[in-house]
Amino acid sequence: MVKDLKDMGINVLGETFKRLPGTDGSFTRVTEHIGQLHFNTFIPVAVWVVDIDGGGYVLIDSGYFNCNVEVGLKNAGYEEPPNALVITHCHLDHTGTAARLVRQWDLPVIASAEEAPFIDGSMSLSEAVSSGAQKAFLGLSSRWNMMTGEPVSVSQPVSEGDLVEGLRIIDVPGHTPGHIALVHEGDGAVIVGDTFGNFLNRIGRWPFPGIDTDRDEGLRSIEKLADLGYEKLLPSHGEPILKDGIGRLRMFLDE
Ligand SMILES: [Zn+2]
């Protein structure tokens, strides 16, 4: 009999990550305005730091619980808090420090209206899927707090086409229902979150089939990214793609 660990007050991955040693991350400038705080923990993950021409910067995603985003920023020369935190989607490696950063800095939290209920904990990802096995998997993940981070309210829900600190919002659902990507027009770059990963110079989807809420929709989102026409593509997991992004995506889609 499977116990409901969340009801027992046990947050399986959340608590595990809190006990992991913290990691300060390393900073690399990727494009003129975009830097990557890279955290080599569990599955390596990026937190993007986007400099705003008008002043300040925004954070895109917030890493796992054990990512010392604050220290990483300081080490990279960012002394002031960010203007805002944008969350591409609800998974715990993107929302892990969000609640903590908001408590500390009183930041606006920006995400899509569709994703907001999964980020603030009012809905479980299992409610977003219909199929039996996947619903069961996501239901268990939710009860065991394996997929999402500490809930945090989305103060500024956005939708396709909105501009956030100069970044254009693009809906790329599939990995989660309200996943967004962000276009930096000036740098010709797209922050793609988990629309795909890029390990060992190879674009790929998540091997564990239950993780994407809708794999077909996710493929259509990759096609949408290819049609956007930007060559620099910055995934949360794996290496940034700084040239021939469209060709790389087309090759993946043709496989
Ligand atoms: Zn994810």
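Trainee: In which sense do strand β4 and strand β5 pair, and over how many bridges?
Mentor: This is a predicted model. In the model, β4 (residues 57-60) and β5 (residues 84-86) pair in the parallel sense, over three bridges.

Trainee: Which residue in β5 stands opposite Val 58?
Mentor: Ala 84 in β5 stands opposite Val 58.

Trainee: And what holds paired strands together in general?
Mentor: Strands of a sheet pair through backbone hydrogen bonds, and the pairing is either parallel or antiparallel.

Trainee: What is the strand order in the open sheet of seven strands?
Mentor: The order is β1-β2-β3-β4-β5-β6-β7, with mixed pairing. β1 (26-29) and β7 (156-158) each have a single partner strand, so one side of each is left without a neighbour in the sheet.

Trainee: By how many degrees are neighbouring strands of this sheet turned against each other?
Mentor: On average they are turned by 25°, with direction ignored.

Trainee: Changing topic, what is the order in the open sheet of five strands?
Mentor: That sheet runs β8-β9-β10-β11-β14, and its pairing is mixed. Its edge strands, β8 (163-164) and β14 (232-235), each pair on one side only.

Trainee: In which sense do β8 and β9 pair, parallel or antiparallel?
Mentor: β8 pairs with β9 (residues 167-171) in the antiparallel sense over two bridges. The bridge partner of Leu 163 in β9 is Arg 168.

Trainee: Which strands does helix α7 touch as it packs on the sheet?
Mentor: Helix α7 (residues 215-228) touches β9, β10 (180-184), β11 (189-193) and β14. The direction of α7 makes about 170° with that of β11.

Technical notes
Residues are numbered from 1 along each chain as its sequence is written. This is a predicted model: local features need pLDDT of at least 70, side-chain atom pairs count only at pLDDT 80 or more; totals for chains, interfaces and linings use all residues. Two strands pair if DSSP finds at least two bridges between them. Helices (H or I, at least four residues) and strands (E, at least two) are DSSP runs, numbered from the N terminus. Two residues are in contact if their C-beta atoms, placed from the backbone, lie within 7 Å. Axes are lines fitted to C-alpha atoms, for helices over the stretch in contact, and angles run from 0 to 180 degrees between N-to-C directions.
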